[in-house]
Amino acid sequence: MVDLIDGRALARHLSDRTAEDVARLRAKGVAPALAVVLVGNDPASQVYVRRKVAECAKVGIRSCEAALPRETSEADLVALIEALNADPSIHGILVQLPLPPTIDATRVLDRIAPEKDVDGFHPVNVGRLSTGTGGLVPCTPLGIMKLLDSIVGDLRGRDVVVIGKSNIVGKPVAMLLLEREATVTVTHIETQNLPDIARRADIIVVAAGSPHLVRGFWVKEGAVVIDVGINRVTDPDGRARIVGDVATHEMGHARAVTPVPGGVGPMTIACLLSNTVAAAERTTRG
Ligand SMILES: Nc1nc(=O)c2c([nH]1)NC[C@@H]1CN(c3ccc(C(=O)N[C@@H](CCC(=O)O)C(=O)O)cc3)C=[N+]21
């Protein structure tokens, strides 16, 4: 019988440890703090930001939220980031994506001080990840690795197929998997015979943004499937709900599947909190 992984429970466990780290830092006079920057009023982004701020509070991380109007100029946004970079009471900076189309997201993310870049999107942290030399690691890939630690353990020589080549999930998770000596195949929209490639995998990580893309016949008996998709779909009765990239009801022969919601999502936020503490810790080491 397939094991449906409880990402919420694992995230709670991780956040309990983060809360202890926060308490330890506070006793040393460092109060970990995260700045969340939101531009515009996309309802989904507002929900995510609210959730991040609420989870910060639960573990004792101070958070400050900057909500800027959609018309904000790139120069004004960069000025805010520079101010946060220079503020020693702020340890982590997160600019919620997507940004309005009038703003060049890459240029903005490049201005975040790498040591405060809790998303791990700055080129310095991307380079550090790809050379395995430390730095802050993107939250969703980090959460995926923690899920795999609890489900699989040793990844050496495991065949992993990553579906999706984004800078936020596909590429960084491939780097983390390589660091653990898995055999990694990164596939994407142009990949041919994707079902055949997927069927060879011991582990499938899918971040494609396509509802129910991964069908039962794509998955080898006993494989582990990590579903990173978040797709808003509307049921015939008009009700909106969130589904992943995996046809979960066809996974009876898999060893384990992460659900959506309740799988990777909560781990992403738990890793944002642990990254913020890691960034705050680094300041205590000069
Ligand atoms: N700079 C930046 N960093 C991000 O990390 C970032 C971002 N921008 N923009 C948007 C995406 C999306 N994201 C999610 C985090 C948690 C859940 C999450 O906790 N989901 C729950 C609830 C899902 C629901 O019901 O909405 C779950 O899967 O169980 C989802 C999505 C972070 N993102």
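Biologist: Thanks! Which residues of helix 7 are buried?

Modeller: In helix 7, residues 170–179, the buried ones are G170, P172, V173, A174, L176 and L177. Buried here means that 20 or more other C-beta atoms lie within 10 Å of the residue's own; 12 or fewer is exposed, in between is partly exposed, and C-beta atoms are placed from the backbone. Helices (H or I, at least four residues) and strands (E, at least two) are DSSP runs, numbered from the N terminus.

Biologist: And how far can I trust the numbering and the details?

Modeller: Residues are numbered from 1 along each chain as its sequence is written. The model is predicted, so local features need pLDDT of at least 70 and side-chain atom pairs count only at pLDDT 80 or more, while totals for chains, interfaces and linings use all residues.

Biologist: Good. What covers the buried residues of helix 7?

Modeller: The cover includes helix 5 (123–131), helix 6 (139–151), strand 5 (159–163), strand 6 (183–187) and strand 7 (203–206). That goes by contacts, meaning C-beta atoms, placed from the backbone, within 7 Å. After helix 7 comes E181, with a positive phi near 65°.

Biologist: Let's zoom out. How many helices and strands does the protein have?

Modeller: There are 9 helices and 11 strands. The domain assignment, which is automatic or from a database, gives domain 1 (29–115) and domain 2 (139–265). Their C-alpha centres lie 28 Å apart.

Biologist: What about the nonpolar core, which residues touch the most other members?

Modeller: In the largest one, with 83 residues, those are I204, V205, V206, V214 and V225. Helix 9 gives the largest share of this core, 10 residues, and each of domain 1 and domain 2 supplies at least three. A core here is a set of buried Ala, Val, Leu, Ile, Met, Phe, Trp, Tyr and Cys residues joined through C-beta atoms within 7 Å.

Biologist: Take V205. What is it in contact with?

Modeller: Setting aside neighbours within four places in sequence, V205 is in contact with I144, V160, V162, V173, I226 and V228.

Biologist: Nice link. Now the ligand: which residues come nearest?

Modeller: Of the 16 residues around the ligand, L97, P261, G262, G265 and T268 come nearest. Being near means a C-beta atom, placed from the backbone, within 6 Å. Strand 4 (92–95) and helix 9 (264–284) are the elements giving two or more residues to this shell, and helix 9 has the largest share, 4 residues.

Biologist: Which way is the peptide bond from V260 to P261, cis or trans?

Modeller: It is cis, with omega near -5°, and P261 lies in the loop between strand 11 (256–257) and helix 9. The bond from L97 to P98 is cis too, with omega near 0°.

Biologist: Last one: is N193 buried or exposed?

Modeller: N193 counts as exposed because it has 9 C-beta neighbours inside 10 Å. Its phi is positive, about 55°, although N193 is not a glycine.

Conventions. Contact = placed C-beta atoms within 7 Å.
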